[in-house]
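Trainee: I have a new model open on my screen and would like to learn how to read it. Could you walk me through it?

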Amino acid sequence: MSEKKGLMRFLAEYDRRIIYLLIFVVVIGPLLSPFILPISVSPDTQAYYNVIDKLGPNDIVMVVFDTEFSGFMELQSGILASMRVMIEKGAKMVIAVSHPEATGIPELVLNQLADVISRKQYTYGKDYVYLGYIFPNEAAVAATAQDFHGAVRQDYYGKSIEGTLLDKVKDWSSWSLISDYTTGIQSQALINHYGLRGTPMIVNCIGVMVATQKPYVSSGIYKALLQSMRGGAELEYLIGVPGPGLTAMNSFTLGHYVLIIFIVLGNIGYFGYTRYKQKPTGG
Amino acid sequence: MSAFFRSKEIQLAILILSFLAVFIPYFLNIPSDHPLNVFSTKLILIAGITNAFTLALAVYSQFRRGLSFVRRRARGYIFKIYMMTAIILMLIFWTMGETTGPYHWVMYAIITPLSSVNYSILVFYMASTGARAFRARNAKALLLLITGFVVLLYQAPLTGAIFPAINPLGLYFGNTFAMAAGRMFLISVTVGAIVFGVRVLMGKETQVLGFGSEKE
């Protein structure tokens, strides 16, 4: 009887470092020896894929890295898979960032896409341009929406944007699509000055933002929403190119299961020990 | 002359005119070469550039605060020294170019891993808190717990692959309860922002102009 009580007490009051250790093991383990578990594809990811799959060589897409480096870790699978599809389709890309930390991200991403860039002979200036940190605040976003060349004169490397694909861009109506990868820095500004005026938008956001971003899909401002790293992994699965998303999904899955197990065990301990202890003894 | 520009009424008038210059072209379909639209675009650009200078203000404020910590030898002052040294070094490196050299190296070799660790370490705290806080203490908590289980199972990609029935259930929770909460949040924030904006234009929130607090 006391052994049972001891077990219940352990389940109710276990050291939190046990959770840390187990989470560490289930996250690191699958990353060290990757294996691909099957995953299901959500309708949201399918809708997102359908939007980027329709792009063609005449489309100009504004790719916005609206994230710090920390958020990039969660969004990189969606970024890599989406940009791979855009390059495959021959769509033109203009890359902008809205956080100083994000200025290093485009080069990392483009290096990882070197194979498809080389195969499709995707050329800087003609097919893509990197503008750097051009969205420090909402006013900057608004300025580019009203008169792009009035607000932006040179690219990240300090070269003039004249003579590049940006010659075709005038204001918000010139863009075929805005592809925003966001932790929420300037996403509202992009909605206000591009989305609400009619520029089509697709968004890949971090997990905690999903509930607040979904209403924009149902209202039609976003054409589609890619949800967090899970959505990125599903997109990798759809395009048949495994990347960081699918690799991380094993840790993702096991981490969720470990959390569920701990919640169940904690509740067993709660009913078997804590609640029993809290009951008034009477008399 | 300076007293004239510092008066509350004049600042409020400038605020209202600036608001109208941006508001009217945004909502009325005015051609882009119309003088009002040209003025509006210039005004927005000036606001954007002025706003970007807040970065310089942030650096100045951090130094003032950091130096105050160091002078008082307050707890954690060593970290303030570290921070100020890092800012000075980054400013020096920045003058050597953003795309190559030491600035580039610091971005990739120091900021990238630190920022990633800062974010990923949250998983331990969130898992621990989730595991210890979710207790079926009453009927409402039990409902929350069941919903949480369904969403967690749905979020784990393997579950949907081996047990497809979880997908519609997870989507249902996301598209109904979570969406309702999201909409409520967005509507309340937007209504609050509109009310605040109207109050500013009516001169009832003069703190934004630097006139201290005013009570109704």
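Mentor: Happy to; we will go from the overall layout down to single side chains, keeping in mind that this is a predicted model.

Trainee: How many helices and strands does chain A have, and what share of its residues is buried?

Mentor: Let's start with the inventory: chain A holds 12 helices and 6 strands. Its C-alpha atoms fill a box of roughly 85 × 40 × 35 Å along the principal axes. Of the 283 residues in the chain, the buried share is 58%.

Trainee: On to the strands: which residue of β6(A) stands opposite A:V203?

Mentor: Strand β5 (residues 201–205) and β6 of chain A run parallel and are joined by 5 bridges. The chain gets from β5(A) to β6(A) through helix α10 (residues 210–218), in a right-handed β-α-β crossover. Strand β6 (residues 222–227) is mostly covered, with 5 of its 6 residues buried. Opposite A:V203 you will find A:L225.

Trainee: And in β3(A), what is the bridge partner of A:M93?

Mentor: Strand β3 (residues 128–133) of chain A is largely enclosed by the rest of the structure, because 5 of its 6 residues are buried. Strand β2 (residues 92–97) pairs with β3(A) in the parallel sense, over 5 bridges. Within that pairing, the partner of A:M93 is A:Y128.

Trainee: Is A:Y128 buried or exposed?

Mentor: The cut-off for buried is under 20% relative accessible area. A:Y128 has 11% relative accessibility, so this tyrosine counts as buried.

Trainee: What kind of aromatic pair do A:Y124 and A:Y128 form?

Mentor: Over all chains the count is 21 aromatic pairs. In the pair of A:Y124 and A:Y128, the rings are 5.2 Å apart centre to centre, with 90° between the planes, and planes over 60 degrees apart fall in the class edge-to-face.

Trainee: Which residues form one aromatic cluster with these two?

Mentor: A:Y124 is partly exposed, because its relative accessibility is 31%. The cluster that holds A:Y124 and A:Y128 also contains A:Y122, A:Y130, A:Y156 and A:Y157.

Trainee: Now a helix: what covers the buried residues of α7(A)?

Mentor: Helix α7 (residues 138–146) of chain A is mostly covered, as 8 of its 9 residues are buried. Among them are A:A139, A:V141 and A:T144. At the start of this helix, a side-chain oxygen of A:N137 comes to within 3.3 Å of the backbone nitrogen of A:A139. The cover includes α8 (148–151) and α9 (187–193) of chain A, together with α3 (35–52) of chain B.

Trainee: Last one: with which side chain does the side chain of A:E68 make a polar contact?

Mentor: A:E68 sits in the loop between β1 (60–66) and α4 (69–89) of chain A, and at 22% relative accessibility this glutamate counts as partly exposed. Leaving aside neighbours within four places in sequence, A:E68 is in contact with A:H99, A:E101, A:I105, A:T183 and A:I185. The polar contact, at 3.2 Å, is with the side chain of A:T183.

Conventions:
Residues numbered from 1 in each chain as written. Chains lettered and ligands numbered in written order. Predicted model: local features only at pLDDT ≥ 70, side-chain atom pairs only at ≥ 80, totals over all residues. Heavy atoms only, no water. Buried < 20%, exposed > 50% of the residue type's maximum accessible area, 1.4 Å probe, protein only. Helix = DSSP H or I, 4+ residues; strand = E, 2+ residues; numbered from the N terminus. Pairing = 2+ DSSP bridges. Right-handed = clockwise from strand over helix to strand, strands pointing away. Contact = heavy atoms within 4.5 Å. Polar contact = N/O pair within 3.5 Å; in protein donor to acceptor, adjacent residues only side chain to side chain. Phe/Tyr/Trp six-rings, centres within 6.5 Å; stacked < 30°, edge-to-face > 60°.
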